[in-house]
Amino acid sequence: MKRKQFIQKSLTAGALCAASSFPYEAFAKSDTRKITILHTNDQHSRIEPFPMDGGKFQGLGGFAQRAVLLHEIRRQEKNVLLLDVGDIWQGTPYFNKFGGELEFKLMSEMKYDASTLGNHDFDAGIDGFVKQLPHASFPFLNCNYDFTNTAMEGKIQTHKIFTYDDVKVGVFGIGIELQGLVPKDLCNGVRFNDPIANANKMAKHLKYEQGCDLVICLSHIGYKYDEKKVSDVDLAYQSSNIDLILGGHTHTFFTKPDEFRNADGAKVLVNQVGWAGIYLGRLDFYFEKKKKAILVPDFPKLIAKV
Amino acid sequence: MKNIFLLLVFFATSSCTKHFVATEYKYSEERLNPNSPSDEKISAIIAPYKDSLDKEMNIVLVVSDTILSKATPESDLGNLICGLVLKKSEDYCKCKIDFTFLNTGGIRLPNLPKGNVTLGKAYELMPFDNLIDIMQVNGKTLDTLFNFMANKGGWPIQGARYKIKNKKAIDVFIQNEPLDLNKEYTIAVSDYLAMGGDNCTMLSYLPKTVMKKNLRDAIIEGMKEMNVRGEHIKSVIDGRVQVTE
């Protein structure tokens with residue numbers, strides 16, 4: 001979006017805001033907020049830590065270990081959003097034998113707020129996924145797969161909005177092209193639509209129609225490729241209105257989030273935490289009440305990497 | 001005039017155009033390590049699943065003398081798996097297989113540990129239920145396949161060797177003979193790749209004979225047979241896939 005158009009849109013939003021929330025302004029609390037965003041991707045059924053057998057990742061990961069960390073963070077932080085970026089399933093016999101039931105149960109117990117779908121989340125077929133859904137207390141978000149006339153129709157949400165102390169966080173998901181990656185009989189009838197076009201459409205809706213202060217894309221399309229294949233890097237450059245892309249699929253270990261300029265020149269962050277639950281990613285966002293019409297391309301600034 | 005009106009609206013409402021703007025962020029990665037404590041409630045949910053799995057999965061299939069690793073263009077772990085799959089495929093089809101190959105991404109562990117290799121480890125190496133297909137493929141199609149594998153940085157193989165130059169395959173040998181574009185070869189391949197998985201599309205429209213065994217069965221049975229013969233797993237790297245300038 002061009003800057004002029006951006007300002008016009010903000011003005012429209014401002015005019016709407018004038019009618020609805022002016023009285024509240026007088027009673028507004030402090031003008032700063034903090035939201036802690038926690039994320040995993042490509043857990044691949046790694047329920048227990050890697051065994052101590054000399055392997056590259058020995059002793060790392062584990063659902064029960066992550067749960068302790070989550071308790072600690074939630075004790076210290078009021079506003080915590082816990083997200084997963086798909087490929088929850090496939091990789092240990094826990095999935096082969098129990099069909100993904102345990103993974104969903106444990107993520108529900110850990111109070112995951114949302115996840116998106118990875119290609120391996122189709123490994124039990126559409127019916128296998130639907131069968132385990134009752135074990136998940138959190139929604140699956142995707143806006144570029146069309147599930148019409150499949151058993152998944154109506155069971156996947158495009159987005160979800162979370163509100164913390166008046167800060168609205170919009171979360172949505174996009175998935176990778178399944179053809180060539182998932183056997184046809186496991187995802188039969190699921191149609192793939194352009195992830196970038198759909199992401200931009202959804203982000204615009206969340207930012208302008210829903211008034212979200214932060215828009216997060218859960219992306220299982222992969223960080224980047226040598227070959228010509230749509231990736232998070234492409235998405236970052238071509239996106240509008242997305243603040244944070246949490247990635248997956250390529251099992252990429254970052255040392256800190258990558259920062260890009262999107263199509264409007266605004267900053268968009270991309271992060272991914274490898275795979276198998278070895279790391280829990282944590283981004284603490286600090287918000288200030290500001291005039292939205294002022295586009296600050298340097299926001300948000302990285303103030304610390306722990 | 002219209003512009004002045006807009007400007008007035010802007011100033012009149014500017015106090016209310018305020019939103020929460022993310023101005024700063026901090027990043028940290030919390031690494032879960034061997035000293036990380038475990039949550040009792042989560043552990044209690046896992047326990048019955050783990051007990052039932054351990055009974056079945058802790059069976060030792062074979063012993064490995066060394067740790068094996070996955071790598072490109074060639075790795076001892078890739079060589080081991082392809083070796084087991086080729087041999088077992090010949091047993092299943094009661095035929096001679098010229099070569100078998102695998103996608104690097106299809107090997108789902110970075111390492112196979114030294115010491116006891118359990119059934120559970122075989123599941124982690126190859127968690128998918130992909131069946132083995134036997135196919136007759138002409139040399140021209142295989143030329144496309146080898147170039148495709150070269151472009152991917154080298155995929156594991158048994159029964160053939162090739163070099164990679166500028167992402168293309170050169171010096172392709174099958175059963176120690178140069179690839180003959182006019183000859184038919186018999187290959188064993190997972191139905192995932194045979195159906196075009198991992199963008200390996202050149203085989204997808206060709207006829208296949210489906211074995212009622214999956215790749216993991218072949219690995220498990222192959223390892224058990226090694227154990228019966230008193231063999232241990234050893235690291236084999238013989239230069240079958242090489243990158244050259």
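Trainee: What joins strand 12 (residues 279-291) of chain A to strand 1 of chain B?

Mentor: 13 bridges do, and the two strands run antiparallel. Two strands pair if DSSP finds at least two bridges between them, so with 13 bridges these two pair. In strand 1 of chain B, Glu24(B) is the bridge partner of Tyr286(A).

Trainee: What should I know about the model and its numbering?

Mentor: The model is predicted: local features need pLDDT of at least 70, side-chain atom pairs count only at pLDDT 80 or more, and totals for chains, interfaces and linings use all residues. Residues are numbered from 1 along each chain as its sequence is written, with chains lettered from A and ligands numbered from 1 in the order in which they are written.

Trainee: How many residues of chain B are in contact with chain A?

Mentor: 51, against 77 residues of chain A. Contact requires C-beta atoms, placed from the backbone, within 7 Å. Strand 1 supplies the largest share of chain B's side, 14 residues. By class, that side has 24 nonpolar, 16 polar and eleven charged residues. Ala, Val, Leu, Ile, Met, Phe, Trp, Tyr, Cys and Pro count as nonpolar; Asp, Glu, Lys and Arg as charged; the others, Gly among them, as polar.

Trainee: Why is the term for helix 5 of chain A and helix 2 of chain B what it is?

Mentor: Their angle is about 170°, with axes 10 Å apart. Angles run from 0 to 180 degrees between N-to-C directions, and axes are lines fitted to C-alpha atoms, for helices over the stretch in contact. Under 35 degrees counts as roughly parallel, over 145 as roughly antiparallel, 65 to 115 as roughly perpendicular, the rest as oblique. The two helices are therefore roughly antiparallel. Residues in this contact include Leu102(A) and Ile45(B).

Trainee: Which residues of helix 6 (residues 125-132) of chain A are buried?

Mentor: Ile126(A), Phe129(A) and Gln132(A). Buried means 20 or more other C-beta atoms within 10 Å of the residue's own; 12 or fewer is exposed, in between is partly exposed, with C-beta atoms placed from the backbone.

Trainee: What puts them on the same side of helix 6 of chain A?

Mentor: They cover an arc of only 135° around the axis. The arc is taken over the directions from the helix axis to the C-beta atoms. These buried residues pack against helix 5 of chain A.

Key
Two residues are in contact if their C-beta atoms, placed from the backbone, lie within 7 Å. Helices (H or I, at least four residues) and strands (E, at least two) are DSSP runs, numbered from the N terminus.
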